[in-house]
Amino acid sequence: MGETQLVLKDWKFKACRDKEWRPAVVPGCVHTDLLREGIIADPFYGTNERNMQWIDKIDWEYETAFDVSAELMKCSSLELVFDGLDTYADVYVNGAPILSADNMFRTWRVNVKSLVAERNNVLNIRFRSPVQEDLPKIEKLGYNLPSTNDQSELGEIGEQKVSVFARKAPYHYGWDWGPRLVTSGIWREVRLEGWSDCRISDLFVEQKSVSAAEAQLVIHVEIESEQEGQGKVRIVTAGEEWKQDVSLQPGTNIVQVPAVIAEPELWWSRGLGAARLYAFTAEILREEKQAATCSVRTGLRTVRLVRNKDEAGASFYFELNGVPVFAKGANHIPGHSFIPEVTEEHYRHEIATAVESNMNMLRVWGGGIYEQAVFYELCDEQGILVWQDFMFACSMYPGDEPFLNNVRLEAEENVKRLRNHPSIALWCGNNEIDIAWAMYDEHGGWGWKQSYDKEQRNFIWNSYESIFHEILPKAVATLQPDVDYWPSSPMISLSGDINQHSRPLTTEGDIHYWGVWHMLEPFDHYNKKIGRFMSEYGFQSFPEYSSVLAFAAEEELKLDSEVLLAHQRSPDGNRLIQGYMNNYMGEPKDFPSFLYMSQVLQAEAMKTAIEAHRRAMPYCMGSLYWQMNDCWPAASWSGLDYYGKWKAMQYYAKASLADSILSFDRTEDGKLCVHAITDLLAPFIGTLRVRLYDFNGVLLKEAVESVAVEGNSAAVVYSVDECTLVEKYDRGSVMFLAELDQEGELVDRKLFYFLNTKELKLGSPAIQLSEVEGSGGTRYVLETDKLAKQVWLTATEDGRFSDNFFDLIPGIPKTVEFRRRTSGEMTSRPTLPGRINVCSMADCLAGEADNEA
Ligand code: BMA
């Protein structure tokens with residue numbers, strides 16, 4: 001039987017060039033150990049990041065002493081296992097070299113049986129500087145490979161883009177939302193694993209076909225055996241059992257056990273049904289006694305990416321258990337520059353946010369990491385599908401044999417590690433490389449290939465093809481054949497010879513639409529530029545005032561201060577936010593108002609995009625905004641800030657992603673349309689009420705209609721000529737309200753304005769906040785005398801109101817409750833918020849403040 005023992009205690013560290021050892025925390029990294037020891041200041045504060053660029057230029061050393069338990073000593077095989085070494089690491093046990101690691105994403109196992117004693121073994125790991133290690137590789141190649149986000153200048157190495165050579169999280173080298181902090185360290189668990197006779201080294205539940213009637217599975221059991229011998233493999237799940245005789249050979253044996261489960265309970269994504277999970281246990285029996293055992297958890301489902309030719313081009317959607325699923329969600333990045341700092345609580349908070357925001361998919365984007373196990377476990381439990389990128393982004397990569405071999409092993413290990421998670425819906429080769437290089441369009445792409453001669457171009461493209469068209473798809477096809485592979489996001493088609501980049505708005509494949517933001521296009525373009533699957537689009541905002549104060553001193557609180565600029569990594573970011581704000585909203589009265597307005601602006605942009613994508617179903621079948629979260633406190637495209645606070649956009653996303661919603665749009669011939677969209681499979685039958693109000697809450701017009709929408713579809717349920725509707729009124733002082741009821745319950749309420757916020761005649765509303773009697777101070781009712789836009793409630797306690805940044809209409813009170821953030825999930829009971837502050841758009845606009853004065 002197997003034994004394990006963690007090796008996580010009593011670690012110490014130092015720079016190789018120094019003498020003095022200091023205590024270290026494992027898993028961890030050099031930066032966090034230096035910070036804990038008071039040697040460096042908080043890397044996220046002020047411009048501190050710049051003073052920390054020396055850390056990645058030198059070598060670091062970690063060491064611990066460990067004893068080996070008596071049980072482990074008895075084992076005939078004893079392995080030291082490293083789940084993650086970042087990155088170029090030479091490992092010694094009692095002075096003997098056992099391993100030279102060169103890939104952060106791989107797991108390393110070494111048999112140390114002959115090297116260890118029961119007491120006082122020394123484990124020493126030397127991390128060679130990832131920068132020094134890779135600099136000579138540029139010289140050898142003779143040119144830089146493109147790597148748009150590698151902030152080499154900040155790293156004090158000029159133009160030299162070393163990131164592409166290291167199999168290490170690309171965002172460590174800087175990104176347009178993150179700092180350059182190139183870490184080294186033991187970033188995942190270290191342990192001893194011992195076994196005798198045999199062990200199960202891997203267990204995979206391959207799903208050949210799954211339906212409500214039957215699940216046909218093949219259970220792959222990988223067994224390592226020391227000797228030849230007979231035995232039995234027994235598989236158990238949910239009261240069912242399968243047995244198979246095996247004759248084991250010395251070395252690795254693969255046993256395949258076919259298994260059929262009648263009427264399985266299927267795994268569904270959130271909104272469609274329960275995310276039922278099954279635990280499978282495999283045992284090896286020798287003479288009816290258990291010799292080894294291993295358990296995994298999975299969910300039974302079929303998931304495929306459907307790309308069928310159709311009249312418009314080709315579909316691009318996920319089909320789960322035969323049901324086309326509109327994918328709703330966001331792009332996930334690592335939750336910290338120093339990954340071991342991301343606790344389980346952080347992951348719980350993020351996934352709880354995804355669930356509460358009505359998402360069903362997250363994309364683990366290719367510039368970060370293959371996430372920690374807990375991330376996928378939570379996605380499995382909560383019914384969140386995962387679009388999983390391999391870790392390659394916005395760069396071209398080397399193609400030498402050792403590099404390619406390293407990539408192959410990395411891919412195989414990670415597909416094996418993650419393949420039992422039912423949440424994994426797709427493996428994608430990389431982020432934005434195909435579109436950036438644009439091999440088959442001389443003038444296309446991001447201008448990368450144009451700076452290379454023909455021979456270099458061919459060499460670089462061949463490397464690309466080896467990785468993304470050969471190695472990675474082969475790993476997926478052989479190791480997780482029940483899930484599809486897509487080489488690059490975005491991409492049009494798998495065939496290499498078509499001109500991938502000539503059409504700005506493709507009718508097949510997936511799209512990253514950045515016209516709004518990077519190209520300064522108006523928000524309305526979100527309504528027009530829609531593809532079959534929108535895997536990226538986004539708009540930046542700043543975190544709230546309290547989050548900004550955590551990294552900037554009072555005197556730095558202006559947009560052009562050095563510190564604020566250091567926390568805005570998108571080169572044109574501030575100019576873009578200000579430009580759009582000017583166009584749509586007006587001028588903020590002060591810096592805190594600017595922060596608030598930046599969030600509302602982002603929220604409005606994302607609402608426009610999300611709802612446009614959903615209205616366009618089934619033509620468009622996915623909407624993943626950029627980006628879910630942050631890795632440090634800064635301006636970014638996130639909805640959740642670094643501290644886990646919900647920006648305005650998160651509340652808006654929750655509303656726009658709800659399973660059944662109303663949404664407005666305008667047609668070219670002057671109609672204002674109300675759409676009803678439902679992702680639920682049952683038809684939607686209910687009542688629609690539309691009303692025209694003025695900003696004082698006076699009802700001007702009203703209509704009621706019954707509504708019937710097919711399940712899993714979108715339809716126009718009401719339309720009216722806009723000019724006729726408002727001809728008697730001032731467009732800047734009226735609003736159109738639509739409410740959808742089902743069986744007497746309000747399903748959705750949406751407001752439409754005829755002009756941009758900037759042109760609305762907003763007065764100064766008097767907002768009343770009163771405690772709901774009997775709620776013990778946890779629930780509140782808000783009322784107003786005039787329209788109050790984007791009412792923002794803040795509390796002195798850490799937590800969140802059930803709704804926020806909402807428009808308050810005179811005569812329609814709003815009830816909210818407060819919940820504290822505890823252990824990553826919102827407590828189920830409402831709690832006391834402390835002191836509450838209420839403000840709205842009228843308090844933040846420069847002009848309005850003048851009016852009031
Ligand atoms: C997308 C991403 C990232 C980037 C973001 C914002 O294309 O893939 O590379 O951070 O845009 O520019």
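A: Cys394 is buried, with a relative accessibility of 3%, and buried here means under 20%. This is a predicted model, and the values that follow are computed from it. Cys394 sits in the loop that runs between β27 (385-389) and α6 (401-418). Its phi is near 50 degrees, a positive value in a residue other than glycine.

Asp10 also has a positive phi without being glycine, with a value near 55 degrees. Asp10 belongs to the loop between β1 (3-6) and β2 (12-15). Buried or exposed, how does Asp10 count? Asp10 is exposed, because its relative accessible area is 65% and the cut-off for exposed is over 50%.

The loop between β2 and β3 holds Lys19. Lys19 counts as exposed, at 78% relative accessibility. The C-alpha atom of Lys19 is 55 Å from that of Pro588, and 569 residues separate the two along the chain.

The bond from Val26 to Pro27 is cis, with omega near -5 degrees. Pro27 is placed in the loop between β3 (22-23) and α1 (30-36). Trp626 and Gln627 are also joined by a cis peptide bond, for which omega is about 15 degrees. Gln627 is in the loop between β32 (622-625) and α13.

Helix α13 leads on to the helix contacts. The axes of α12 (residues 591-615) and α13 (residues 648-656) come within 8 Å and cross at roughly 20 degrees. That angle makes α12 roughly parallel to α13, since angles under 35 degrees count that way. The crossing of α12 past α13 is right-handed. On the α12 side the residues that meet α13 are Gln599, Val600, Gln602, Ala603, Glu604, Met606, Lys607, Ile610, Glu611 and Arg614. On the α13 side they are Ala648, Met649, Tyr652, Ala653 and Ser656. Sorted by class, the α12 contact with α13 comprises eight nonpolar, three polar and four charged residues.

Helix α12 has a contact with α11 (residues 573-584) as well, where the two axes come within 10 Å and cross at roughly 80 degrees. α11 and α12 are therefore roughly perpendicular to each other, as angles of 65 to 115 degrees are classed that way. From α11, Ile577, Gln578, Tyr580, Met581 and Tyr584 take part, and they meet Phe594, Met597, Ser598 and Leu601 of α12. This contact of α11 with α12 has seven nonpolar residues, two polar ones and no charged ones.

A further helix pair is α4 (residues 344-356) and α5 (residues 373-382), with axes that come within 10 Å and cross at roughly 30 degrees. α4 and α5 are therefore roughly parallel to each other, and α4 passes α5 in a right-handed crossing. α4 contributes Glu344, Tyr347, Arg348, Glu350, Ile351 and Val355, while α5 contributes Val374, Phe375, Leu378, Cys379 and Gln382. The α4 contact with α5 divides into seven nonpolar residues, one polar residue and three charged residues.

Helix α8 (residues 454-479) holds Ser466. Ser466 is buried, at a relative accessible area of 17%. Apart from neighbours within four places in sequence, Ser466 is in contact with Leu404 and Ile471.

In soluble globular proteins, nonpolar side chains tend to be buried together. The largest nonpolar core in this model has 246 residues, and Phe82, Leu85 and Val221 have the most contacts inside it. Which element gives this core its largest share? That element is α12, with 13 residues. A second core of 22 residues is separate, and Phe664, Val707, Val734 and Phe752 are among its members. Back in the largest core, Val221 can be followed residue by residue. Not counting residues up to four places away in sequence, Val221 touches Ile200, Asp202, Leu203, Val233, Ile235, Asn253, Ile254, Val255, Val257 and Ala282.

Notes: Residues are numbered from 1 along each chain as its sequence is written. This is a predicted model: local features need pLDDT of at least 70, side-chain atom pairs count only at pLDDT 80 or more; totals for chains, interfaces and linings use all residues. Side-chain values use heavy atoms; hydrogens and water are left out. Axes are lines fitted to C-alpha atoms, for helices over the stretch in contact, and angles run from 0 to 180 degrees between N-to-C directions. Helices (H or I, at least four residues) and strands (E, at least two) are DSSP runs, numbered from the N terminus. Angles under 35 degrees count as roughly parallel, over 145 as roughly antiparallel, 65 to 115 as roughly perpendicular and the rest as oblique. A crossing is left-handed if the near helix is turned anticlockwise from the far one by less than a right angle, and right-handed if clockwise. Contact means heavy atoms within 4.5 Å. Ala, Val, Leu, Ile, Met, Phe, Trp, Tyr, Cys and Pro count as nonpolar, Asp, Glu, Lys and Arg as charged, and the others, Gly among them, as polar. Buried means under 20% relative accessible area, exposed over 50%, partly exposed in between (1.4 Å probe, protein chains only). A nonpolar core is a set of buried Ala, Val, Leu, Ile, Met, Phe, Trp, Tyr and Cys residues joined through side-chain atoms within 4.5 Å.
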